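Trainee: I would like to learn how to read the backbone and packing features of a model. Please take them one at a time.

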Amino acid sequence: MNMNFSNEEKESLIYDVRLSSVGPGRVTGSDVFHNPGGLDLAMKLHYLKVVYLFNSEAIQGLTITEIKDSFVTIFNYYFIICGRFRRSESGRPFIKCNDSGARTIETKCTKTLDEWLAMKDWSSYKLLFSQQIIGPELSFSPPILLQVTQFKCGGISLGLSWAHVLGDPLSASNFINLWGQTLNNLSLKIPFNIPRSAPTSLKPGLEKDPVTVKRVNPIGDHWILADSKKMDTFSFHITSSQMNNLQAQIWSPNDEQVPPFESLCAIIWRCIARVREGSEPTTVTICRPGPNGRGNDIIGNDQLICKVEAGNECSIVDTNLKILARMLVDQGIDERNQIEEVVEKDNGVTDFFVYGANLTFLDLEDVNVYDLKLKGQKPRFVYYTLQGVGDEGVVLVLPWSKDPSINNIDGKFVTIILPEDEMVKLKSELMMNGVMFEGVYY
């Protein structure tokens, strides 16, 4: 059932809010600094929000305080994310690794976990993670916040708020999955993160900005993208059988099919083009984990950021879905190096954003969404969203698990963030194209 609550009703779902901090178990030392690279700084106006929902069996014998305190061990390795941002004399942001810690929030919910899941109200998920962003006082702003919410039945949710300047979704996922290993008393085989030194020389920089980023007016020390339009969010589940039907609508038996992600994005791309009649998005961005590791860096932004340009003369609405899908597979051009150059051109001082600079498709299918385990139990459900999205919008696609305990992936879970005035028509387009059905979206 889909339930719509007033803001007052939503706020009453969560109570007994308690704030504290947790940091590394060992002292990092004085004068230790981490310098985010140009690609990291290009993402500083974005925040990844993740909610993991667990049955009561997953925390049997554990108190909420013990769960919170268990982060001490993982922060010994991830001490950088427990620091606070500062600015150099030139204005470039860096992290002072001063062990200030992550902000932790303990709350309780009036619902059982089953009741919460049955509500299928995406907007209520905002209650399960912090909305805090970095700034306006950098030295008091934690780049990571953790919220543990206890449901009436004994189940819990773990809400992660992760400043994207720290690293991409795979970095965030690896962090929380490794924390699960420490909670289960498993030894970690990862290097301690070595802080990056400041760039020794500036690159010449490009004359023209890459199309996958947009620069904004200076935002100072309040790191959030200003809304020029009111954005809205909704989510829906696509089963494996639905996905197979969508693939069959695009591809004949003799065709060499592209992966389901690109087929799904092609359909959504065309649906959004129909909504934006007269201003079709002919350029889109694809973001997904990169093929190469990041060496000894356990955090950082290394995901592919690829532009796909159909050309201004192309009508997305009239283009065959096969062509759009193959375009997404074959014509993506990775612009990470160009983004790095354009940010370094101004020594990391100019403000940019990526998500929503173009219509952006974020592929989360290979970021180990369901690998977090508590007491051997995987989450019942995992929810991802973003804070700080530009007007062109974002589509997040991640696996959906019918039964995480047996790795039963049954389709995909999609979250779409677009301007509010486009949502009603988009939902209609998605239903007409068989992407979702009445009553299945959140």
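Mentor: Start with D99, which sits in the loop between β5 (93-96) and β6 (102-109); helices (H or I, at least four residues) and strands (E, at least two) are DSSP runs, numbered from the N terminus. The model is predicted, so local features need pLDDT of at least 70 and side-chain atom pairs count only at pLDDT 80 or more, while totals for chains, interfaces and linings use all residues. Residues are numbered from 1 along each chain as its sequence is written, and side-chain values use heavy atoms, with hydrogens and water left out.

Trainee: What is phi of D99 near?

Mentor: Most residues other than glycine have a negative phi, and most peptide bonds are trans. For D99, phi is near 60°, a positive value in a residue other than glycine. N347 has a positive phi too, near 55°, and lies in the loop between α10 (336-345) and β14 (351-353).

Trainee: Which residues does a cis peptide bond join?

Mentor: G135 and P136, with omega at about 0°. P136 belongs to the loop between α5 (113-119) and β7 (144-150).

Trainee: How is the relative accessibility of D99 to be read?

Mentor: Buried means under 20% relative accessible area, exposed over 50%, and partly exposed in between (1.4 Å probe, protein chains only). D99 has 22% relative accessibility, so it counts as partly exposed. K373, at 38%, therefore also counts as partly exposed, whereas D227, at 61%, counts as exposed.

Trainee: Where are D227 and K373 found?

Mentor: D227 is in the loop between β9 (214-216) and β10 (231-238). Its C-alpha atom is separated by 9.8 Å from that of P419, 192 residues apart along the chain. K373 is in the loop between β15 (359-363) and β16 (381-387). The C-alpha atoms of K373 and F234 are 139 residues apart along the chain and separated by 27 Å.

Trainee: Which residues does K373 touch?

Mentor: A contact means heavy atoms within 4.5 Å. Leaving out residues up to four places away in sequence, K373 touches G180, N184 and K378. Over the chain, take the contacts between residues at least 6 apart in sequence: 79% of them join residues at least 24 apart.

Trainee: Which residues touch the most other members of the largest nonpolar core?

Mentor: In soluble globular proteins, nonpolar side chains tend to be buried together. A nonpolar core is a set of buried Ala, Val, Leu, Ile, Met, Phe, Trp, Tyr and Cys residues joined through side-chain atoms within 4.5 Å. The largest one here has 145 residues, and F75, Y78, F175, Y384 and I416 touch the most other members. Helix α8 (residues 260-275) supplies the largest share of this core, eleven residues. Y78 touches N174, F175, L178, I190, I298 and I299, again not counting residues up to four places away in sequence. Of the 442 residues in the chain, 58% are buried.

Trainee: How many helices and strands does the chain have, and why does it count as compact?

Mentor: It has eleven helices and 18 strands. The radius of gyration is taken over C-alpha atoms, and the globule rule is 2.2 Å times the number of residues to the power 0.38. The chain's value is 21 Å, close to the 22 Å that the rule gives for 442 residues, so the chain is as compact as a globular protein of that length. Along the principal axes, its C-alpha atoms fill a box of roughly 60 × 55 × 40 Å.
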